[in-house]
Amino acid sequence: MPSKRHVLLLAMAAMLASCTALKVVTHQVNDDPVKAPAGTYRLDPHHWSITFDVDHFGYSRFVARFDKAEAVLDAVPSSPEKSRVEATIKAASIDTNNPDLDAMLRGPDMFDAGTYPDIRFVSRSTRRTGAKTGEMTGDLTIRGRTHPVTLAVTFNGAAPDPLTGEDTIGFSATGAFDRSQWGLSSWWPAVGNDVRMRIEAEFVKPAG
């Protein structure tokens, strides 16, 4: 027979579990970017994706992704033009679901990740284009070359995470650039120069 203490602990665990489940199923985000909490956020390491696609022989747009990235967001929702983002992508984390192709992309013909391990983006300006949308222009550095890139950004929502209680804010972004500007012109025209990228990102502001 379980002791009264064990029964009490089990009852408390069940109550906590039910409370957590209730928070999850009733969770809602605030979709007004101006009302999002200001502060310094870091990219949630478990909830993000950076993908890009390029033309492949005219048959399709081949999709690849990166598996390692870090980013810091200084959010000023009341004055979005003051918000800033700095992101670092590990070039060697390129993932095409093809190990041989990944090795080629890491090599000197493309990213040369041994010499240039980091791909960097530093925002320079942000402006609102709609109630939940904006444009962010920044410097993109690949293989030691830096050129401006503009991202179309959509604010998805902000709220305390129902599991951790930490302020969380989410965005989607898209952009395009000509890879040859960064010296990434290998394999053209079999592989197109027009690169389209898509970013999904959740940022977390640690409590306290």
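**Strands, turns and a pocket in a predicted model**

The protein chain has two helices and 10 strands. Helices (H or I, at least four residues) and strands (E, at least two) are DSSP runs, numbered from the N terminus. This is a predicted model, where local features need pLDDT of at least 70, side-chain atom pairs count only at pLDDT 80 or more, and totals for chains, interfaces and linings use all residues. Residues are numbered from 1 along each chain as its sequence is written, and side-chain values use heavy atoms, with hydrogens and water left out.

Student: In what order do the elements of the protein chain run from the N terminus on?
Tutor: The chain holds two helices and 10 strands. Read from the N terminus, the order is α-β-β-β-β-β-α-β-β-β-β-β.

Student: What percentage of the residues in the protein chain is buried?
Tutor: Buried means under 20% relative accessible area, exposed over 50%, and partly exposed in between, with a 1.4 Å probe and protein chains only. The chain has 208 residues, and the buried share is 34%.

Student: How much accessible surface does the protein chain have?
Tutor: Areas come from the Shrake-Rupley method with a 1.4 Å probe; for residues, only the protein chains shown count as cover. Carbon and sulfur atoms own 58% of the surface. The total is about 12300 Å².

Student: Which strand joins β1 by eight bridges?
Tutor: Two strands pair if DSSP finds at least two bridges between them. Strand β1 (residues 39–56) pairs with β3 over four bridges, in the antiparallel sense. Seven bridges join β1 to strand β2 (residues 60–66), again antiparallel. The eight bridges, also antiparallel, go to β10.

Student: Which residue in the turn between β1 and β2 has a positive phi?
Tutor: In β2, the bridge partner of Val 54 is Phe 62. The two strands form a hairpin with three residues between them. Most residues other than glycine have a negative phi. The turn residue with a positive phi, about 60°, is Phe 57.

Student: How many bridges join β4 to β6?
Tutor: Strand β4 (residues 84–90) is joined to strand β3 (residues 69–75) by six antiparallel bridges, and Ala 69 has Ile 89 as its partner in β4. Toward strand β6 (residues 118–128), Glu 86 has Val 122 as its bridge partner. β4 and β6 run antiparallel, and their bridges number five.

Student: Which element gives the largest share of the lining of the second largest pocket?
Tutor: On a 1 Å grid over the protein atoms alone, a pocket is an open set of points with protein on both sides within 12 Å along at least five of seven lines; lining residues have an atom within 4 Å of a point. About 220 Å³ of space lies in the second largest pocket. The elements that give two or more residues to its lining are β8 (145–160), β9 and β10. The largest share, five residues, comes from β8.

Student: Which residues of the lining are the closest to the centre of the second largest pocket?
Tutor: In all, 18 residues line the second largest pocket. They divide into nine nonpolar, six polar and three charged. The closest to the centre are His 27, Val 29, Thr 168, Gly 170 and Glu 202.

Student: What is the phi of Trp 187?
Tutor: Trp 187 sits in the loop between β9 and β10. Trp 187 is partly exposed, because its relative accessibility is 30%. Trp 187 is not a glycine, yet its phi is positive, about 75°.

Student: Is Ser 185 buried or partly exposed?
Tutor: Ser 185 lies in the loop between β9 (167–178) and β10 (194–205). Leaving aside neighbours within four places in sequence, Ser 185 is in contact (heavy atoms within 4.5 Å) with Arg 179, Ser 180 and Asn 193. The relative accessible area of Ser 185 is 41%, so Ser 185 is partly exposed.

Key. 1 Å grid on protein atoms, 1.4 Å probe; cavity = no way out; pocket = protein on both sides within 12 Å on 5 of 7 lines; lining within 4 Å. Points joined across faces, edges and corners; volume = space filled by probe spheres on them. Nonpolar A, V, L, I, M, F, W, Y, C, P; charged D, E, K, R; others polar.
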